[in-house]
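Student: Could we go through the side-chain interactions of this protein together?
Tutor: Gladly! Let us take them one group at a time.

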Amino acid sequence: AIDLQGAYQKLEIRTWGPQRRMAQAVDFAWEPKKWYTMKLEASTADGKAVLRGKVWPRAAAEPEAWTIEAEDPLPNRNGSPGLYGYSAANIYYDNVKVW
């Protein structure tokens, strides 16, 4: 999962909420009422998963560098992607791509 945490102004990659065994977080100041693009890439190599995430304002060009990176030494090797949000405010999704 890639998670923008507004109350904490952080960006986090983790397996899922209750399990924090490989979670990595970085400071990421973002603004309410502003659209952002998020990109998550997952790949496997040598029995590990390599996870990379980017977040940038929708009106800006995609940055070259990844915003956050993490490694999972015990990845799930199959399954399907999912998309969800949890917020007291409305959440809007636009132009979602999964490949």
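**Rings and charges**

Tutor: A search of the whole structure turns up two aromatic pairs. Please keep in mind that this is a predicted model.

Student: What geometry does the pair of phenylalanine 28 and tyrosine 36 have?
Tutor: The ring centres of phenylalanine 28 and tyrosine 36 are 6.4 Å apart, with 70° between the planes. Planes over 60 degrees apart fall in one class, so the pair of phenylalanine 28 and tyrosine 36 is edge-to-face.

Student: Which residue forms an aromatic pair with tryptophan 30?
Tutor: This pair is edge-to-face too, at 6.2 Å centre to centre and 85° between the planes. The partner of tryptophan 30 is tyrosine 36.

Student: Which residues do the ring pairs link into a cluster?
Tutor: Tyrosine 36 pairs with phenylalanine 28, and tyrosine 36 also pairs with tryptophan 30. The cluster is therefore made of Phe28, Trp30 and Tyr36.

Student: Over the ring of which residue does the charged end of arginine 58 sit?
Tutor: Look for a ring whose centre is 4.8 Å from that charged end. The ring belongs to tryptophan 35.

**Lysine 54**

Student: Where does the charged end of lysine 54 sit?
Tutor: Lysine 54 lies in strand S5, which covers residues 48–57. Its contacts beyond four places in sequence include Thr37, Met38, Pro63 and Trp66. The charged end of lysine 54 sits 4.7 Å from a ring centre, over the ring of tryptophan 66.

Student: Which residue meets lysine 54 in a salt bridge?
Tutor: The side chain of lysine 54 makes a polar contact of 2.8 Å with the side chain of glutamate 62. A salt bridge needs a side-chain nitrogen of Lys or Arg within 4 Å of a carboxyl oxygen. At 2.8 Å, N to O, the salt-bridge partner of lysine 54 is glutamate 62.

Student: How many salt bridges does the structure hold?
Tutor: Side chains of opposite charge can pair when their charged atoms come close. One of the bridges here joins glutamate 62 and lysine 54. The total for the structure is twelve.

Student: How many residues apart are aspartate 72 and arginine 21?
Tutor: The side chains of aspartate 72 and arginine 21 meet in a salt bridge of 2.6 Å, N to O. Aspartate 72 is in strand S6 (residues 68–72), while arginine 21 is in the loop between strand S2 (10–13) and strand S3 (24–27). The pair links distant parts of the chain, and the separation is 51 residues.

Student: Is aspartate 72 buried or exposed?
Tutor: Arginine 21, at 42% relative accessibility, is partly exposed. Aspartate 72 has a relative accessible area of 5%, so it counts as buried.

Student: Which residues are linked with Asp3 in a network of salt bridges?
Tutor: Arginine 20 and glutamate 12 meet in a salt bridge of 2.4 Å, N to O. Here arginine 20 is partly exposed at 44%, and glutamate 12 is buried at 4%. Linked with Asp3 in the network are Glu12, Arg14 and Arg20.

Methods
Residues numbered from 1 in each chain as written. Predicted model: local features only at pLDDT ≥ 70, side-chain atom pairs only at ≥ 80, totals over all residues. Heavy atoms only, no water. Phe/Tyr/Trp six-rings, centres within 6.5 Å; stacked < 30°, edge-to-face > 60°. Lys NZ or Arg CZ within 6 Å of the ring centre and 35° of its normal. Helix = DSSP H or I, 4+ residues; strand = E, 2+ residues; numbered from the N terminus. Polar contact = N/O pair within 3.5 Å; in protein donor to acceptor, adjacent residues only side chain to side chain. Contact = heavy atoms within 4.5 Å. Buried < 20%, exposed > 50% of the residue type's maximum accessible area, 1.4 Å probe, protein only.
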